[in-house]
Amino acid sequence: MTKSFRNNFLALLAILLFVSGAKALAQSPDNPFASLSNSQDNTFLPVDEAYRQDLLLNGSQLSAIFEIAPEYYLYRDKLALYQIAGGQKTQLPLDLPNGEVIWDDYFEKETEVYRGQLEFPIALKSTAGTAQLELHYQGCADAGLCYPPDPPLHRKHLGRQY
């Protein structure tokens, strides 16, 4: 009886040690699968909450503004703005400020990104009537999620003549 009790006790102890060791390994920052076991900690914002954008009209100067959520960033080279007028879609030049240079694991290169807030002027081409602007962008969360490069189109109708 003592020998079987001892064997059962040792087997139970070995199982408990194995389970606790596996749990500690799963929570280790060196474990590439740790993010899978802690998925409730990594909730990502919808794209329109991670990158809120709007147009500002100050006198005759039009600017685009992004409010970028904490722990998210926008790629500088993925920003593009188009003006749609009279059935024609024209890419507008962007006068962007310098961004933060980071190493991007996804694209495997150094790239410029924006965090926090980004504001830049918009130089519209002359048009009669209402113009539409189409803004394209792409960004990522620091935790690893990258949004698709072509989110739903954001069109702004401008009721002024430029």
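User: Which hand does the disulfide of Cys-140 and Cys-146 have, and how is that read from the torsion about the S-S bond?

Analyst: In this predicted model, the torsion about the S-S bond between Cys-140 and Cys-146 is about 105°, so the disulfide is right-handed. The two sulfur atoms are 2.0 Å apart, and a search of the whole structure finds one disulfide.

User: What does the largest nonpolar core consist of, and which residues have the most contacts inside it?

Analyst: The general idea is that, in soluble globular proteins, nonpolar side chains tend to be buried together. Here the largest such core has 22 residues, and those with the most contacts inside it are Tyr-51, Phe-66, Tyr-72 and Ile-122. At least two residues of this core come from each of the strands β2 (61–68), β3 (72–75), β8 (117–122) and β9 (131–136), and β2 supplies the largest share, four residues. Apart from this core lies another, of five residues, which includes Cys-140 together with Tyr-75, Ile-102 and Val-113.

User: What surrounds Tyr-51, once its neighbours within four places in sequence are left aside?

Analyst: Tyr-51 is in contact with a list of residues that includes Phe-66, Tyr-72, Leu-74, Tyr-137, Cys-140 and Tyr-147. One aromatic cluster is formed by Tyr-51, Phe-66, Tyr-72, Tyr-137 and Tyr-147. Arg-52, found in strand β1 (residues 51–58), is in contact with Ile-65, Phe-66 and Glu-67, again leaving aside neighbours within four places in sequence. The C-alpha atoms of Arg-52 and Glu-67 are separated by 5.1 Å, although these residues are 15 residues apart along the chain.

User: How many aromatic pairs does a search of the whole structure find, and what is the arrangement of Tyr-106 and Phe-107?

Analyst: A pair of aromatic rings is described by the distance of the centres and the angle of the planes. The search finds eight aromatic pairs; in the pair of Tyr-106 and Phe-107 the ring centres are 4.9 Å apart and the planes lie at 85°, so this pair is edge-to-face. Tyr-106 counts as exposed at 59% relative accessibility, while Phe-107 is partly exposed, with a relative accessible area of 29%.

User: Which residue lies over the face of Tyr-82?

Analyst: Lys-89 lies over that face, at 4.8 Å from the ring centre of Tyr-82.

Technical notes: Residues numbered from 1 in each chain as written. Predicted model: local features only at pLDDT ≥ 70, side-chain atom pairs only at ≥ 80, totals over all residues. Heavy atoms only, no water. Core = buried A, V, L, I, M, F, W, Y, C linked by side-chain atoms within 4.5 Å. Buried < 20%, exposed > 50% of the residue type's maximum accessible area, 1.4 Å probe, protein only. Contact = heavy atoms within 4.5 Å. Phe/Tyr/Trp six-rings, centres within 6.5 Å; stacked < 30°, edge-to-face > 60°. Lys NZ or Arg CZ within 6 Å of the ring centre and 35° of its normal. Disulfide = S-S within 2.5 Å.
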